Amino acid sequence: MRLPPAILANAEEVLREILRFAAPADTTLSRYFKDHPRLGGRERGAVAECVYNVLRNKSFYTDFSEAGGGATMRRLTLLGMADAVGVESLGGLTDDEVQWVERILQIDRKVMHKSSRSNMPKWLFDKLVAQMGEEETLLLADGMNQPAPLDLRVNAIKANRDDVIATLAEAPIRATPTPFAPLGLRVLQKPQLQNLPLFKDGHIEVQDEGSQILSAVVGAKRGEMVVDFCAGAGGKTLALGATMRNTGRLYAFDVSEKRLAKLKPRLARSGLSNVHPVLIAHERDAKIKRLAGKIDRVLVDAPCSGLGTLRRNPDVKWRQQESAVAEMQTKQAAILDGAARLLKGGGRLVYATCSFLDEENDFIANQFLAAHPDFELVPMSKVLAEQKIDLEMGDFLKLLPHKHQTDGFFAAVFERKPMARKAAPVQEEAEEE
């Protein structure tokens, strides 16, 4: 069954707005669908896939859509839509358009210029080539240009993985265990989870396997005091709370009231009672100072370029500016420094980003160690062994989509050295009477 010809006009309209890069693509798409309630589920899916295809393949598509006759935006939309649903599913095309689309989509991209094949802005391609070499950069680009699967985390305080797999199969939804995260499931199709009792009752949460591994790296234990310093909507917070078996005290700090508000319904579903969301003004907030030296573990999932999420958010590579990465470094270092004050002696601090750029990762970690002699690096190989996660890493966690089938993540673990005890004041001997 063919899609109606008008669907191309819908896709072109929303794509034109998204390519201005004034707002995240998913935000613009959601608003467009609300404004066009007559679009059915199949039509919305086709428009969304078209948009994300164009964002992933923008360099490649643009090179060809700008050549030849016809309006560039229509040709760009045609390529994105045909790649998403197949040219045979599109109504209202001329014979010339069908032949043109089929010819372009059959091109072997491996013979193209490497920067065009990567579908990255030049500044990002050049930066990654300098960091990891041309061959590895192209492998990373290919991995980032694939749509991400749907990963779930089983809530260990309510369910176990085998039971969830069996219940999903009745839906019927096929889920398989993730290779590294012990509570993860991977779903290759994109089912509507919101109406499933498993989801409503808090037995599962949507969370990329890389994010689950990062949560495990924190190593939170029963009865501890733990802080998620940049909690956001709380995906890692919920994972930490379950790892703590709903004991101890887990603070979810964030500077955004809107983000913390998104945590509340998820928290209610989860059944966790050990989580305490706290709105802070900045990394030096008085609410933080009151906890200085009292915390066992702190996770700093720092604000970053977000380039590790390109499988899900391909617009980020076009919206992100090179200058913003340098500006981000100052913020990352300040947040890490503020969070470090919370740790007690022997406590662990985890610095993480969803980026693969060295200047947001290795550089910040090494800079922190140089400025904080009271902390030492815990090799990631040791941390993963403690958590029984079978991943080969060196000093840092570096997850990449083409190697690990996760989003791009970085993490470093620091341990505060035992604090020297203050000497008790010497009491003067009482004078003999």
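How much space lies in the second largest pocket? About 310 Å³. Keep in mind that this is a predicted model.

Let's stay with that pocket. Its lining counts 15 residues. Nearest the centre of the pocket are Pro-182, Leu-183, Ala-216, Ala-239 and Thr-243. Two helices each supply at least two residues of the lining: helix 12, residues 209–217, and helix 13, residues 235–243. As for the method, rolling a probe the size of a water molecule over the atoms shows where empty space is left.

Now look at helix 13 itself. Is it mostly covered or mostly open? Mostly covered: seven of its nine residues are buried. The buried ones are Lys-236, Thr-237, Leu-238, Ala-239, Leu-240, Gly-241 and Ala-242. Just after the helix, check Arg-245. Its phi is positive, about 55°.

Four strands make an open sheet, and the order is 2-3-1-4. The pairing is antiparallel. Which strands sit at the edges? Strand 2, at 175–177, and strand 4, at 204–206. Each of these pairs on one side only. From one strand to the next, the twist averages 35°. Zoom in on strand 2 and strand 3, the latter being residues 184–187. They pair in the antiparallel sense, over three bridges. Ala-175 stands opposite Val-187 of strand 3.

On to the nonpolar cores. The largest one has 37 residues. Which of them touch the most other members? Leu-29, Leu-55 and Met-81. Helix 3 gives the most, with eight residues.

Pick out Leu-55. What does it touch, leaving aside residues up to four places away in sequence? Ile-18, Leu-19, Phe-21 and Ala-25 are on the list.

Last stop. There is a second, separate core, with 36 residues. Among its members are Val-217, Val-226, Ala-252 and Leu-397.

That's the tour. Questions, please.

Notes:
Residues numbered from 1 in each chain as written. Predicted model: local features only at pLDDT ≥ 70, side-chain atom pairs only at ≥ 80, totals over all residues. Heavy atoms only, no water. Pairing = 2+ DSSP bridges. Axes fitted to C-alpha atoms, helices over the stretch in contact; angles between N-to-C directions. Core = buried A, V, L, I, M, F, W, Y, C linked by side-chain atoms within 4.5 Å. Buried < 20%, exposed > 50% of the residue type's maximum accessible area, 1.4 Å probe, protein only. Contact = heavy atoms within 4.5 Å. 1 Å grid on protein atoms, 1.4 Å probe; cavity = no way out; pocket = protein on both sides within 12 Å on 5 of 7 lines; lining within 4 Å. Points joined across faces, edges and corners; volume = space filled by probe spheres on them.
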